[in-house]
Every structure is written in C-alpha cells, then in structure tokens.
Amino acid sequence: MNALCDMPTGKSARVVGVPGDGAMNRRLLDVGFTPGAAVTCLFQAPGGDPRAYLVRGAVIALRREDARAVQVEPALREVVAWA
Amino acid sequence: MGLNGARLVALAGNPNVGKSTVFNALTGMRQHTGNWPGKTVASARGTCRHAGREYELVDTPGAYSLNAHSAEEEVTRDFLCFGGAEAVIVVCDATCLERNLNLALQILELTPRVVLCVNLMDEAARRRIRVDTRALERLLGVPVVGTSARGGRGLERLLERVDEVVGRAPEHPLRVAYPPELESEVERLSRSVALRLDGRLDARWTALRLLEGNDAALDAVQAHLSPLDIRPALQAAQNARAVLGMSAQQVETAVVGAIYREAERLCAAAVHSQEAQDGRRLRVDRLLTGRLTGIPAMLLLLAAVFYLTIRGANLPSQLLSDALFSLEAPLSRALDALGASWLRGPLVEGAYRTLAWVVSVMLPPMAIFFPLFTLLEDVGFLPRVAFNLDGCFKRCHACGKQALTVCMGFGCNAAGVVGCRIIDSPRERLIAILTNALTPCNGRFPLLIQLITLFFVGALGGGAVSGALMLTGLIVLSLGMTLLASRLLSATLLRGVPSAFTLELPPFRRPQVGRVIVRSVFDRTLFVLGRAAAVAAPAGLVIWLLANIAPGGVSLMARLNALLDPLGRLLGMDGVLLTAFLLGFPANEIVLPLAVMGYAQGNALAQTGGALALRTLLSQNGWTEWTALCVMLFSLFHWPCSTTLLTIRRETGSARWTALALLLPTALGMALCALVAAAARVLA
C-alpha cells in the first residue's frame, strides 16, 4: 500500500482509502477518491507539484501533501481510458 | 412558491458542467443577479414560461456534494434543504457522469422531485461517449433528459419533464443501499427523528448526517427548523455508532463509498464509451504544463495576445482619433451660434477633448484584447495557468487559485476582487484581494502600450513584436510583485500555512467564437468604456477649470503642480504627472490624457491625436526614457481605482483592510520609482 503522492506520472492505481478526519479528507471523498476508484497520475506542473490525477472521468489537481492522504494499491490492470 | 405564484425550481450541479449555460438558455434576459442574503456568494434568479405556466429558476452555486466545504456549497445545501423549491434540475456533464451522479444521488435523498439534465451531449458524442438516457431514467426512477445547452437542444423537453415532476412526485426514485448493519441503524434513527421533523426535511437524509457527525449540516437544520431540538438525536446517533463500532469518519467513508458504487453501477449500464485513445488531449496538457515547455508556452500565448492587440489597435486608433477630433470645430461653431462662446473652453477643450482621447485610445485595444482573452478563458486555458503557477503561490503561502483571480484582474481589478470568492481559505482570500491591484487592469494597458510604443519600440526595433515582449516583461514583473507582496503579507499580518487545494482541470472545449465576441464586447468592452467615459468628461472639465482659474495670476493647476513637484521628481516624474494620477483616482484610463492636458495648459491646446505630436510635447516637458519607465511602473503599482476600493470594502467588510489595499501597492510603487529615479540620476 502506498500514498498517492508517490505514484509516478503515467501510472494507475486503485484507491484503498482516505484515512484521517479533516475537511480535505471529506473533499477528496467527494470528488471521487473513494475505496475502489481507479486513479491515474496524468501530468505534473513545471515545478513537479501539484500533479493532475484522472479520477472518475475528471482531472483533479492535488498538491503533494494533500495527495499523501490518499492510500492506493497497484491496479490489477492499467486504466488508460482517457484521450 | 416563488414570486407571483410562479413555480420555484432549483438548478444544481457540479462546477464546469454548463449549469449557467442551461440557466441562461432557459431564462434569457429575464434574470436578476445579486448576492445570497448575508453571504458573499453570487446568486442568480430568472423566470421562464412553459405551456402557460410561469417558473422561477434559482441557479445554485456549483457544488461537488451536499457535505459543504465552502460558502458556495453551504448556500447550495441550504437552498435545496430549506429553500422550498418544487423541483430540482440536476445538471450533469455527459462526459463525466460518474462523478456528477454523486451529487445527483445525494439530492435524490432529499427529494424525489428531481429531473436529471445530462448536458454536453454534443461534446460526449464528439468524444464517442454515448449516454443511454432511457436506461438511466429506468434505473433512477426520475426523468432524465439529454441536452446540449450551448446549441439550445433538449431544453423544451427538459421543461416538459420539470412540469411533470412538479405535478406529481416520481413514486420510485432510486434509493442508495448502504451496508446492511448501517441500514438498520439509519432506519431506526430516521424513525425517531421523523416525528420531530414533521415532514419539513427528509428523515433518512437527516439520520445519515447525524450518523456522519456532520455538524455543519446539523447546525443548519437546527437554525432553519427552530424551535426544533436535535440534541437528543445527537446522543442517539452516538449510541448507534457505538453499536456499529464505527467512527463518524468511517460512517462517512462508507456512505460516500456506497453512493459512488451506485454511480459506477448506473454508468456501467447507461454509458457506452468508445473514446479514442489517441491521447491528443493529454499531449496538449503535457505541453502546456511541461517542465521545460509549461512556463514558456504561457508567456508566448500572453505575448501573442499583446502583439495582436498592439498591432491591430494602431490603425483604428488613428482613424477614431481623426474622426473625433475633426468634430471639435463644428462643436465650437455650434456653441458660438448658440451664443455660448464662453462654454467653448470648458466643454470642448476640457470635457470633449478628454472624452475623445479616452475613446480613441481605449476602444480599439479593448475591442481586441477582451475577445482574445475571453477566448482563452472559454477554451479552458486559465485553470492550466493556475496549475502551473500553484507551486510559486504555495511557496508564498498562498493559494494557486489566486492565479485565476490575477487573470480576472487583467480585465478589471474590481472583477478580480469579487473573483477571489473562489478561494475557500479566508486568509488566502484576503491575500488575493489585497494584492489584486498589482495586476494591471485594462484601464492601464493603453498607457503602457502607448508609452512603450512612443519611447521604447523605436530604440529596440522590431515594432509590435518588441512592444509585445516588453509588455509581457512588465506583466512578469507585476506577477513577481504579487508573489512578493503575498509572501510579505503571509509573513506578517496574515500569517499561516497554505491550506489544502483541489483544482479541477476541465477538458479543453471548442470555444463559441460568436458568443465570445458578443459577450466580451457587451459585458466588458462597453461596460469599461462607459465607465471611463462617464469619468473622463467631468475630469476633463475639472482639469480645464484648474488650468484656467488663476487667482493672483497663477492658475490652480500651476499651484498644485508646484506643490507636488518635489515628490514627483523624487519618483522620477513631476508634479503634473502626480496630479494626473490623483485626478485619475476614479478611473486609471484618464491618467495620460490628464497629464497631456496639464502640460498643454495655458497654450492653445495642441490636438494630441498624433503619436509624433505627443512624443514632441512630452519631450518638451523634460521626458526621457527614464520618465516613461517611472510612469509605467507607477501606473502598475499605485492606489487602486475608486471602484476597486469600494469593492474591496464590500468584500472584506473592513475599513482597515481597505486602507491596507490602498497603501500596499502605493508604497511598493513609490519605492520602485524612487529606486529607478536614483539609478537614472547616477547613470545619466
């Protein structure tokens, strides 16, 4: 199990959970980072942070420290349904 | 019920799904906008008729969920819970249905009177995503209508279905099933609160919020349904969580998880995607945000917009100026004929001449700049700018969305200040408000463009290209100052660490060129021009009077100039320029025209349309390249205009923050100009 922020660009994973109890954790759940969701890291800003993640058909940018709150595990298959 | 017996219908949806387009298409010009009572959140209401019935539509702010994390989402939740709407239209993005259904399913827990509007069907078709609205309707148990609001398709049908649910509530709306043990506690708790709610709010929804320990939502319930007392229910919820062996946070994760699983199931049955995997969109995004390409691409686009503005504005500016100044002679003759020759000075040489100048100098660049900028906005470029610059803003302990408010400031600082509402953290929002005037608004671009053209382009060579590059340089400088000021503020008065940040990057959308031009001409160009013109004529009159009322043989103007001259010299300028900046307080657009009037006082006023004549006049009054540089710097960094200050006062509700918003850029500008002036004295 890893943190979302450590996932390299171009890779996909599956969300395990968003442990913790803050406003940001609730926000992450609301935009779709719920257990089981497929997530792909698409690209990053020129400075390497924030990064853009594809989750449930939308692209959401997260800063590194916020993406750390999301626990992920390797996806069974790569999800690249995006163009 | 709404006004005059109209049916009240709420419009809800995620941000960026075209909710406002649906609202505008349905209500047309019959809208009124304002603020939600007691909040700095914009509200829009409008009316429309269908089949002889009047509807009052309320456009709620974009929200990802009813769990409320921002002032906007709170407004949406409270209106849907307590606003008394007879139906809710939930607008969804057909290309991103799964995420959108999260909100739709939450709203279905509040009321069955829902019509799902699956918008952007045209875009989905282009991306080879097919949404089976009939299957979706069967599964959801409420009407589902596919629309393409930009093309006006499907809206008639949408109103028909709204009519249907207003008449009779759907009988079997989909109910999200939670894990069995959670369900039994929800059931038990909702039975106990149902008695107290007495049908004023859905009991199951309230029970879920109780189990989640969603204090904000429960406070709202308490406030809206007083004298209802929910404290006993809070204890019951705590007991229920103990029975379940779950924390409030675990309940919430389970609830949101179950809703999303339901959304997945619905999409699996109703969405058929054959989206081509050519990754073109990804390649564009990677180019615009790449380590080596991101920032240069941004600057290049900005420079291109400036180039087109400078290049394109020259000729029409000249034509307009010739036409308007040629009207001076007939105007004077008309006044003579009316026997009012004494009015010729103040009205024609004062008011009219300033007005003619402002119109001819401002209109062409604005008519080019605004549509180009709106086009970039429409395509979806601005969120990428915020994405690229977030790292810089984070290092200054500010929010990346501040970059978006900076972009709005290019149009008008007052609009930029209002735009700061998109920043959730109050501290970061204040930083963005206080620094917005450091971004040159459209009222200041003409001065910058004109001085660059007069004093620097010739020396640099390359015409409009070098002009555009120099202007881009000034913008980079103003951005640097914004960052510096933000850092200063967060190290002193507004101390704190950067808060969390989520930013959605919507897909690039094909711009609606026709609508962009109409919208930017009417909403922005004419608005700003009207405001400038309304100020220019009276200011021209004032300056004529100052120049011509001469008690003791010395004009008021000369006295004022002499008074301000020492400070002006210290800042690399002179008294006339400072007077012009002071009188330009109502509108930055008129600073340069006022300065020119000031220089020409006493003499028969030279008509100042021609660039060469202007350059000569300025040189005769001791201008060098250094003077021009100081004027440009002071134009970038000085007090915000009166409209912006009033807006800051309204948005912050504080005279002290407003005073700081005035002092901060002024101090920065004075320091910078004094430095440049000192350097000029050493070098020259």
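In helix H17 of chain B, the buried residues are B:Gln402, B:Ala403, B:Leu404, B:Thr405, B:Val406, B:Cys407, B:Met408, B:Gly409, B:Phe410 and B:Gly411. The model is predicted. Since 10 of the 10 residues of H17(B), which spans residues 402-411, are buried, this helix is largely enclosed by the rest of the structure. The cover over the buried residues of H17(B) includes H15, H16 (382-395), H18 (413-419), H19 (426-435), H21 (464-491) and H22 (513-548), which are helices of chain B.

The largest nonpolar core contains 229 residues, and the members that touch the most others are B:Val90, B:Cys92, B:Val115, B:Leu116 and B:Cys117. Helix H15 of chain B (residues 344-379) contributes the largest share of this core, 16 residues. Leaving aside residues up to four places away in sequence, B:Cys117 is in contact with B:Val22, B:Ile89, B:Val90, B:Val91, B:Cys92, B:Val145, B:Thr147 and B:Leu158.

The contact between the chains involves 35 residues from chain A and 42 residues from chain B. On the side of chain A that touches chain B, at least two residues each come from helix H1 (23-30), strand E3 (38-44) and strand E5 (58-62) of chain A. H1(A) gives the most to this side, six residues.

Technical notes. Residues are numbered from 1 along each chain as its sequence is written. Chains are lettered from A and ligands numbered from 1 in the order in which they are written. This is a predicted model: local features need pLDDT of at least 70, side-chain atom pairs count only at pLDDT 80 or more; totals for chains, interfaces and linings use all residues. A nonpolar core is a set of buried Ala, Val, Leu, Ile, Met, Phe, Trp, Tyr and Cys residues joined through C-beta atoms within 7 Å. A residue is buried if 20 or more other C-beta atoms lie within 10 Å of its own, exposed if 12 or fewer, and partly exposed in between; C-beta atoms are placed from the backbone. Helices (H or I, at least four residues) and strands (E, at least two) are DSSP runs, numbered from the N terminus. Two residues are in contact if their C-beta atoms, placed from the backbone, lie within 7 Å.
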